[in-house]
Amino acid sequence: CILEYLKNRVGISLRVELIDRYNDRRDVLSQDWTNFLLNVNSFPIMIPNTLSDVTEFLNEMKLNFIILSGGDNIGDFPERDKTEHEIINYAIKHNIPILGVCRGMQILNNFFGGSIITTSDQNHVGKPHPIDFTSSKFPELIGKKSLQVNSFHNNIIKKECLGDNLETFALSKLDNTIEGYFHTNLPIIGVMWHPERSNDIELGSLLIKMIQNKMIWGK
């Protein structure tokens with residue numbers, strides 16, 4: 001049985017898509033995520049946006065890790081916003097690690113009292129760009145001081161927009177906006193790039209290990 005050898009039961013939030021030709025509203029997930037999670041020894045468990053009881057679902061799934069995925073702007077689909085807020089509350093209560101990716105990073109920032117800004121900078125939107133690690137632990141763990149990351153968004157987080165108890169660990173070299181942060185007390189990391197779309201599987205795997213093993217927290 002696949003569950004017998006896969007270590008992580010990873011819950012992952014879903015984006016919403018409107019299919020006009022069928023007048024249909026669907027929860028969807030890029031196939032990149034399934035491929036990525038299987039490659040990092042994890043089993044993906046999709047979390048629908050229309051659950052009547054999110055807590056009951058999460059209790060039954062017995063997750064040991066949660067990913068808040070990308071896609072959609074906050075406010076576009078209230079059912080997703082509501083579901084992800086309930087997921088975050090549940091994860092904090094049960095001490096389940098969270099990785100927020102792109103939109104996932106943005107909604108975590110909002111959850112902790114921060115905000116986001118929309119940019120029209122064409123050097124940032126849809127183009128790979130370099131980032132610098134600003135927290136001393138990250139170059140030590142990752143083995144490099146800077147990194148080239150992908151970009152598929154036009155939402156940014158500046159230092160003055162950062163939520164409570166969130167600490168920056170990566171900044172864009174192009175505009176000094178925040179590309180990565182971690183919560184100072186909770187096993188939570190947010191990144192603006194998409195590790196599931198990267199050829200560097202090891203980096204994505206390391207992010208998961210860093211959160212699960214609390215490698216950046218404590219002395």
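1. Gly113, which comes just after helix α4, takes a positive phi of about 90°. The model in which this is seen is a predicted one.

2. Helix α4 itself covers residues 103-111, and seven of its nine residues are buried, so the helix is largely enclosed by the rest of the structure. The buried residues of α4 are Arg103, Gly104, Met105, Gln106, Ile107, Leu108 and Asn109.

3. Helices α2 (residues 54-61) and α3 (residues 78-93) pack against each other with their axes 10 Å apart and at an angle of about 50°. That angle makes α2 oblique to α3. The crossing of the two helices is right-handed. On the α2 side, the residues that meet α3 are Val54, Thr55, Leu58 and Asn59. Their counterparts in α3 are Thr83, Glu86, Ile87 and Tyr90. As background to such a pattern, an α-helix has 3.6 residues a turn, so residues three or four places apart point the same way.

4. How many aromatic pairs does a search of the whole structure find? The search finds seven.

5. Phe182 belongs to strand β12 (residues 178-183), while Trp217 is in the segment after α6 (201-212), so the pair ties together parts that are 35 residues apart in sequence.

6. Are Phe182 and Trp217 buried or exposed? Phe182 is buried, with a relative accessible area of 6%. Trp217 also counts as buried, at 14% relative accessibility. For both residues, the cut-off used is under 20%.

7. Phe182 and Trp217 are also members of one aromatic cluster, together with Phe133, Phe138 and Phe169.

8. A further ring to look at is that of Phe152. The charged end of Arg197 sits over this ring, 4.4 Å from its centre.

9. Ser205 is a residue of helix α6. With a relative accessibility of 16%, Ser205 counts as buried. Which residues does Ser205 touch, not counting residues up to four places away in sequence? On that basis, Ser205 touches Phe36 and Val40.

Technical notes
Residues numbered from 1 in each chain as written. Predicted model: local features only at pLDDT ≥ 70, side-chain atom pairs only at ≥ 80, totals over all residues. Heavy atoms only, no water. Phe/Tyr/Trp six-rings, centres within 6.5 Å; stacked < 30°, edge-to-face > 60°. Helix = DSSP H or I, 4+ residues; strand = E, 2+ residues; numbered from the N terminus. Buried < 20%, exposed > 50% of the residue type's maximum accessible area, 1.4 Å probe, protein only. Lys NZ or Arg CZ within 6 Å of the ring centre and 35° of its normal. Axes fitted to C-alpha atoms, helices over the stretch in contact; angles between N-to-C directions. Parallel < 35°, antiparallel > 145°, perpendicular 65-115°, else oblique. Left-handed = near helix turned anticlockwise from the far one by under 90°. Contact = heavy atoms within 4.5 Å.
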